[in-house]
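I opened this notebook to keep a record of what I looked up in one protein model. The entries follow the order in which I took up each topic.

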Amino acid sequence: MRTRSKRFIGLGGVVVLGGVLLLLATFAGAASGQAQHVRWDIISTSGVPPAPINSGGHASATAANGGDTITLTGSGTFVAPASGGGSGAATGGGTWTATGGGSGTYTVTALVSWRPANAQINVGFIDNIDEGTRTNGTAVLNIAFSDGSDGVLTVGCHGPGAPPGIFEGIATTKGYKTYYMTPSPMPGVDAGRTLFHVG
């Protein structure tokens, strides 16, 4: 009898301990947040509500010290881990053209980091992409150019309601060149704008 009682008490202790560990794991997962599915686009829009927002836009940045200008199109997706770190779960790409010569395509190879800021305020844009919540923030992506060079693409979205400190548009490296001079988009001009949708 005693042996059987001890066996049941021991089994009950294992079940209770297992339940406690499961609860701790659940709370730890909740506390650390969840991975986010994010779509990024270089968008086409005049920037003046109620203008439509479409994919297929273009944005430019200029290299320092008298360098040339690069213009990109593109879109893609990534899964951002809750830690905010990098991920290989990234897709997308687009085209590039440089005023110093050369053009082609580029492909996203990895997410380096994703830092969301806040959801955008609804000011009346017609969102034809509409794949989640429009979100301000900054993403950094590793990219490979079709001419064999590689780089790091930074996509910044400073849309309606964004806090200070985020640029709007793209900045990139291509080989040793740093295309970091990013012009602010002009109202009514369809160029230089980006957007994130978080689903």
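**Entry 1: valine 140.** I began with valine 140, which is in strand β9; strands (E, at least two residues) and helices (H or I, at least four) are DSSP runs, numbered from the N terminus. At 18% relative accessibility, valine 140 counts as buried, where buried means under 20% relative accessible area, exposed over 50% and partly exposed in between, with a 1.4 Å probe and protein chains only. I then looked up leucine 111, which is 29 residues from valine 140 along the chain, with 6.3 Å between the two C-alpha atoms.

**Entry 2: basis of the values.** I noted that this is a predicted model, in which local features need pLDDT of at least 70 and side-chain atom pairs count only at pLDDT 80 or more, while totals for chains, interfaces and linings use all residues. Residues are numbered from 1 along each chain as its sequence is written, and side-chain values use heavy atoms, with hydrogens and water left out.

**Entry 3: overall make-up.** I found 1 helix and 13 strands in the protein. Along the sequence, the pattern reads α-β-β-β-β-β-β-β-β-β-β-β-β-β. Of the 199 residues, 36% are buried.

**Entry 4: two further links across the sequence.** I looked up isoleucine 53, which is in strand β2 and is buried at 4% relative accessibility. Isoleucine 53 and aspartate 127 are 74 residues apart in sequence, yet their C-alpha atoms are 4.9 Å apart in space. Next I took valine 112, in strand β7 (residues 103-119), which counts as partly exposed at 36% relative accessibility. From valine 112 to leucine 153 there are 41 residues in sequence and 9.5 Å in space, C-alpha to C-alpha.

**Entry 5: aromatic rings.** I recorded 4 aromatic pairs in the structure. Rings of Phe, Tyr and Trp (its six-membered ring) pair if their centres lie within 6.5 Å; planes under 30 degrees apart count as stacked, over 60 as edge-to-face and the rest as tilted. How are the rings of tryptophan 96 and phenylalanine 145 arranged? Their centres are 5.7 Å apart and their planes stand at 85°, so the pair is edge-to-face. The pair links distant parts of the chain, 49 residues apart: tryptophan 96 is in strand β6 (residues 90-98) and phenylalanine 145 in strand β9 (residues 133-145). I found both tryptophan 96 and phenylalanine 145 to be buried.

Lysine 174 also belongs in this entry. Its charged end sits over the ring of tryptophan 96, 4.5 Å from the ring centre; a charge sits over a ring if NZ of Lys or CZ of Arg is within 6 Å of the ring centre and within 35 degrees of the ring normal. Lysine 174 also lies over the face of phenylalanine 145, at 5.2 Å from the ring centre. Elsewhere, I noted that ring pairs link Phe78, Trp114 and Phe196 into a cluster.

**Entry 6: serine 44.** I placed serine 44 in strand β1 (residues 36-44). Serine 44 is buried, with a relative accessible area of 18%. Its side chain makes a polar contact with the side chain of aspartate 190, at 2.7 Å. A polar contact is a pair of N or O atoms within 3.5 Å; within protein, one must be able to donate a hydrogen and the other to accept it, and residues adjacent in sequence count only if both atoms are side-chain atoms.

**Entry 7: backbone in the loops.** Most residues other than glycine have a negative phi, and most peptide bonds are trans. Proline 50 lies in the loop between β1 and β2 (52-55). Asparagine 65 has a positive phi, near 55°, and lies in the loop between β3 (59-63) and β4 (69-72). At 83% relative accessibility, asparagine 65 is exposed. Aspartate 130 has a positive phi near 45° and is found in the loop between β8 (126-127) and β9. Aspartate 130 is exposed, with a relative accessible area of 54%.

**Entry 8: the largest pocket.** I recorded about 260 Å³ of space in the largest pocket. Of the 18 residues that line this pocket, the closest to its centre are Gly47, Phe125, Gly159, Pro160 and Arg193. On a 1 Å grid over the protein atoms alone, a pocket is an open set of points where a 1.4 Å probe fits, with protein on both sides within 12 Å along at least five of seven lines, and lining residues have an atom within 4 Å of a point. Grid points are joined across faces, edges and corners, and the volume is the space filled by probe spheres set on the points. Which strand gives the most to the lining of the largest pocket? Strand β13 (residues 193-198) does, with 3 residues.
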